Amino acid sequence: MVPADFVFLILATLIVACGFVVVFHSKIIYSAFALLFSFFGVGGIYILLNADFLAGTQLIVYVGGISVLILFGILLTKKIYNLTTEETSTQKIIGGATSLAFLGALAALIFNTDWQIVTTTQEFTPQTLEIGKAFMGNFILPFELAAILLLVALIGAVIIGRDEKKEEI
Amino acid sequence: MSYFGNISKAFSTIATGMKITFRHFKNARKPDGIFTTQYPHKAVPLPKFSRQQLHNRIEDCIGCMKCANACPVSCIYIETVKAPAGTLSDTSNGQKRRLYLTRYDIDMAKCMFCALCTYPCPTECITINSDFNFIKFERKDLLYKFSDYSPEQVEQIKQEAKLREQQEAAEKIAKAKAAAEAKLKAETEAKAKAEVPQVEAKTEEVKAEQKPETKE
Amino acid sequence: MEHKIETDFMIINMGPQHPSTHGVLRLELKTDGEIVMACRPFLGYLHRCFEKHCESLDYLKIIPFTDRMDYLASMNNNWAFCIAIEKLMGIKVSEKCEYLRVIVGELNRIASHIIAFGTFGLDIGAFTPFLLAFIQREKIFDLLEEASGARMLYNYIWVGGVARDVDGDWLKKTKKFCQEFKPALDEVDELLSLNKIFVERTANVGVVTKEMAISYGFTGPNLRGSGVNWDLRKNEPYSLYTKFDFNIPVGAGEQGQVGDCWDRYIIRIRECRESIKIIEQALEGISLEGDIYETVPKNFNKMPKGEVYARSETPRGEMGIYVVSEGGKAPVPYRVKVRSPAFCSLSILEEICKGVMISDVIAILGSVDIVLGEVDR
Amino acid sequence: MDNILVWTMISILVMVGLVSVVGIISIYLERKVSAFMQDRLGPMEVGFGSLANAIIGKKTFKEGRIGLAQSLADGLKLLQKEDIVPKGADVFLFKLAPMIVFGGTFAAFAALPLAEYFVPADINIGLFYILAISSFGVTGILMAGWASNNKWGLLGALRSTAQMVSYEIPIGVSLISIVMICGTLSLKEMVLAQSGWFWNWHLFGAISHNGAIGIVLLPVMFINFLIYFTCSLAETNRAPFDIPEAESELVAGYHTEYTGMRFAIFFLAEYGAIFVGNAIAVTLFLGGWNSGIPMLDEANIPGIAPLIFITKVFVLIFVVMWVRWTLPRLRVDQLMNLCWKYLIPFTLFTFFYVTIYKVFLT
């Protein structure tokens with residue numbers, strides 16, 4: 001076993017364990033923190049795959065941004081200290097069956113795919129330059145479209161936020 | 001205020017403030033640049049009249065209770081026993097001492113350092129001095145005992161005083177008895193000359209006179 | 001929008017143990033996030049039965065207790081009580097004593113104002129001006145200690161006189177202090193008063209209008225900060241205040257509205273300068289001849305029957321002392337009531353702390369400058 | 001494999017040492033600087049000698065006279081303190097929080113280029129990595145505030161997060177200008193680009209890249225530097241932006257309930273974060289390990305590079321302290337105002353300016 005495998009196992013365990021906590025823990029704040037660690041683990045996997053820029057982005061966007069936003073939202077709700085998720089058991093059988101079927105389908109897909117394992121001997125190369133070139137070259141249109149989409153979302157959020165504030169005053 | 005005006009104002013006022021603090025930082029090396037001192041090594045002298053700790057020069061105290069009465073928080077406890085005349089020396093300003101001070105305690109835990117007790121003292125024996133360092137680990141240690149006498153001595157003094165009192169009382173009674181007897185004798189002599197019914201009334205009068213004398 | 005996100009108010013206890021409630025005040029804050037919806041002060045944590053205590057004490061023995069009311073301005077408290085008793089007994093105090101009282105009273109006013117604006121700066125977050133001002137306070141304490149023997153609880157001004165005489169050396173030292181104090185105050189002033197952040201934090205915050213100030217019974221610098229020109233030293237002069245030439249600084253809303261925290265703050269700084277002016281004039285006028293105990297009554301057995309109300313200007317405002325004496329041979333007052341300025345200032349919190357932010361509550365509390373010893377007595 | 005593990009352990013140990021030493025030195029400096037600015041003496045009693053005497057219980061060494069070992073003694077004291085977990089606190093998260101905060105800061109140390117030969121983790125996206133990993137610390141603060149079951153703590157955590165998240169924007173934009181000029185995200189290469197005389201520093205424009213024409217960037221770079229410095233104050237919760245732990249308002253903010261070693265870890269992490277923030281400023285704007293005078297550089301005096309770097313950082317840390325002991329504290333809404341109304345427009349302006357320079361002048 002090479003060190004990379006070892007690290008991968010740790011990260012994978014972290015991600016999966018945290019995923020379980022996200023789903024099954026009764027306290028919503030624990031779920032939120034677990035989600036954060038899960039994101040963190042995914043960032044680690046990216047590093048393992050030589051995608052350094054992606055890992056950084058994962059950290060800055062998901063860990064530093066989205067999780068914090070979720071946590072922020074939870075902390076601002078009422079009764080924060082004993083906030084629990086609602087656990088209704090009406091859909092247990094259907095839900096369980098669906099997820100099992102989904103898992104089976106995924107597993108079948110994974111085991112039936114002919115994975116090509118590429119063993120590279122070349123040194124680790126930074127990805128930033130290539131990503132930049134790709135954004136400004138071949139993929140300029142999707143990049144710009146995404147930017148416009150984000151801008152629209154931003155303006156929309158501001159407008160919604162403003163409306164509510166007016167009502168309050 | 002305009003947008004840029006705000007910015008420039010912020011910069012200029014912050015710069016003024018920073019200049020002042022930097023001046024202090026720079027002056028810290030100068031001898032008068034630093035105000036604090038390292039206390040146990042270097043203490044600022046206290047003024048002469050600083051009110052810190054009560055002290056009683058017991059050899060001058062006449063036990064007049066004036067300080068105890070002046071205290072707003074009643075933290076001075078005095079007990080006295082009468083002394084025979086001439087046994088105690090005079091105070092330094094010439095007042096007579098007539099009382100044994102069996103107890104002169106000041107509870108510094110209760111004291112509020114107002115120094116009101118020091119003003120009425122006729123012999124100026126209770127003073128408040130500038131010794132501020134009287135930290136104690138237990139509250140009971142703050143009860144300062146100024147009396148010269150040990151508990152045994154106090155007990156002795158009290159017993160002696162009791163004895164003396166009894167003796168005096170006995171002497172007085174004896175004296176009074178003697179006087180009464182003498183009187184009685186004189187009266188009976190006089191009575192012998194006078195009529196019988198007057199005698200009874202007179203002896204009653206004598207008895208009434210006798211009573212306050214013995215009480216003293 | 002029909003659907004509104006429901007939020008809960010958070011109830012926070014600020015105090016009795018909190019760094020900036022200036023003692024043991026408890027504020028119950030109802031907050032919506034950072035915004036305070038309601039603020040209720042709870043008092044009584046420092047109640048020491050001062051008024052009841054007085055009913056069993058000799059008039060002279062009460063004076064050390066007045067020290068402990070407003071412990072930052074003990075001289076002025078002594079003075080207020082003595083004015084009341086002197087009024088009742090009809091004592092005319094000698095001019096030397098009055099001069100001494102003016103000097104120590106104004107020195108103590110400066111010391112108290114230093115605490116006021118120093119801790120106000122501390123509440124806003126500026127630590128250095130507080131300590132730089134405290135150096136000056138220490139110097140004042142050195143002077144007062146030399147005069148009275150104590151650094152905070154002086155028991156100096158007595159009915160009919162003062163406790164101890166001073167010498168020419170002390171007057172010289174006081175004069176020197178006056179000269180040193182001016183640049184030091186200017187430094188603090190420069191460091192803090194016009195600082196942009198400080199102004200942003202205090203201007204237009206906690207505005208107390210003229211009407212509000214009067215109806216809540218504001219006095220002293222707080223009232224003058226709201227733009228009312230009222231100072232007992234000018235409007236109802238006691239002691240020697242008619243002799244001195246000084247101004248009454250009044251808030252004008254230079255940085256924001258009239259009666260905001262900044263106005264209340266700057267009034268105190270300016271009053272320090274006026275106090276220095278008064279001290280300097282008093283040092284010119286005083287003569288060291290005369291007996292300070294001349295009019296001090298030997299005992300209070302001949303206390304006339306009656307009641308008296310006297311007021312004087314302490315650093316926190318108008319302190320009123322109401323004394324009922326049974327007269328005759330009873331040397332203790334029948335009843336003593338103190339009208340304390342800080343108590344009235346504190347009562348406004350409930351009204352002006354609505355809809356402000358938590359940081360503003362601190363600023364407002366700091367700017368009205370309360371002393372809990374005086375509020376609870 | 002063995003080699004890698006050994007080297008990792010060694011570098012981790014060195015970095016832990018560095019973080020602690022930096023923390024201890026900064027705490028001592030803070031106490032002395034604040035003392036001198038307020039006409040006080042500061043710590044005077046606990047020198048290394050007196051500390052050793054106290055430990056062995058004998059008077060063998062000479063007592064200190066300027067209190068050099070004060071913060072070390074404080075650390076020892078905090079180690080012995082009782083570790084209190086408040087009733088009603090979430091024990092697991094409460095204990096995890098300081099580790100995460102410290103971890104965030106500590107991980108950022110890894111990419112600091114102390115010298116050309118001394119970059120613990122010389123990664124290609126160093127700057128990006130530091131920005132990303134330091135955002136990880138925010139979650140620790142949120143966790144601490146929430147887990148201690150204290151309303152002041154919660155308020156402090158909320159304030160802190162809001163502040164850190166919004167101040168990341170001006171920081172990012174102001175740093176992008178430098179990245180554009182250098183064309184790299186590697187901190188090492190950025191420093192290498194600034195070698196030589198001090199006018200090659202990015203603070204004075206892009207002279208090292210484009211010759212004399214780079215001088216047109218000088219005002220913009222000054223603004224950028226100021227904005228970065230201001231924002232790093234806010235990112236590290238220092239005055240005048242210390243509202244999350246505003247002593248007079250929130251008692252101590254998110255670490256109100258922490259005692260003993262856990263508190264010390266928060267403290268160390270805070271000073272570590274200050275060091276990282278200023279180290280980035282030094283790396284990007286002030287020439288990193290270059291002294292600014294070629295004669296005094298590594299080439300002539302071997303081993304001086306890390307010293308120069310650390311000295312520069314400590315000069316900036318001194319400025320941070322100087323600011324702290326001078327200025328009052330902003331209010332929460334004013335803090336946001338400053339960020340959105342003043343800092344972000346200015347950074348956008350400088351960003352635009354640098355873009356134009358890059359496109360048309362080079």
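How many helices and strands does chain D have? The legends below begin with this chain in the predicted model.

**View 1. The fold of chain D.** Chain D has 14 helices and zero strands. Read along the sequence, its pattern is α-α-α-α-α-α-α-α-α-α-α-α-α-α. The C-alpha atoms of chain D fill a box of roughly 65 × 55 × 50 Å along the principal axes. For 362 residues, a compact globule would have a radius of gyration near 21 Å, and the 21 Å of chain D agrees with this.

**View 2. The interface of chain D and chain C.** Here 23 residues of chain D are in contact with 33 residues of chain C. The size of an interface is often given as the accessible area lost when the parts come together. Chain D and chain C bury about 2,500 Å² between them, and 63% of that area lies on carbon and sulfur atoms.

**View 3. Polar and charged links between chain D and chain C.** One salt bridge is counted between chain D and chain C. Arg331(D) forms a salt bridge with Asp360(C), and the closest N and O atoms are 2.8 Å apart. Across the interface of chain D and chain C there are eight residue pairs in polar contact, with both residues at pLDDT 80 or more. On the side of chain D that touches chain C, the elements giving two or more residues are helix H7 (151-182), helix H11 (247-250) and helix H14 (332-361) of chain D. H7(D) supplies the largest share of this side, four residues. By class, the side of chain D that touches chain C has ten nonpolar, four polar and nine charged residues.

**View 4. The two domains of chain A.** Chain A is divided into domain 1, residues 1-86, and domain 2, residues 125-163. Four residues from domain 1 of chain A and four residues from domain 2 of chain A take part in the contact. The two domains of chain A bury about 320 Å² between them, with 65% of it on carbon and sulfur atoms.

View 5. By class, the side of domain 1 of chain A that touches domain 2 has two nonpolar, one polar and one charged residues.

Methods. Residues are numbered from 1 along each chain as its sequence is written. Chains are lettered from A and ligands numbered from 1 in the order in which they are written. This is a predicted model: local features need pLDDT of at least 70, side-chain atom pairs count only at pLDDT 80 or more; totals for chains, interfaces and linings use all residues. Side-chain values use heavy atoms; hydrogens and water are left out. Domain bounds come from an automatic or database domain assignment. Contact means heavy atoms within 4.5 Å. Buried area is the accessible area (1.4 Å probe) that two parts lose on being put together, summed over both. Ala, Val, Leu, Ile, Met, Phe, Trp, Tyr, Cys and Pro count as nonpolar, Asp, Glu, Lys and Arg as charged, and the others, Gly among them, as polar. A salt bridge is a side-chain nitrogen of Lys or Arg within 4 Å of a carboxyl oxygen of Asp or Glu. A polar contact is a pair of N or O atoms within 3.5 Å; within protein, one must be able to donate a hydrogen and the other to accept it, and residues adjacent in sequence count only if both atoms are side-chain atoms. The radius of gyration is taken over C-alpha atoms; the globule rule is 2.2 Å times the number of residues to the power 0.38.
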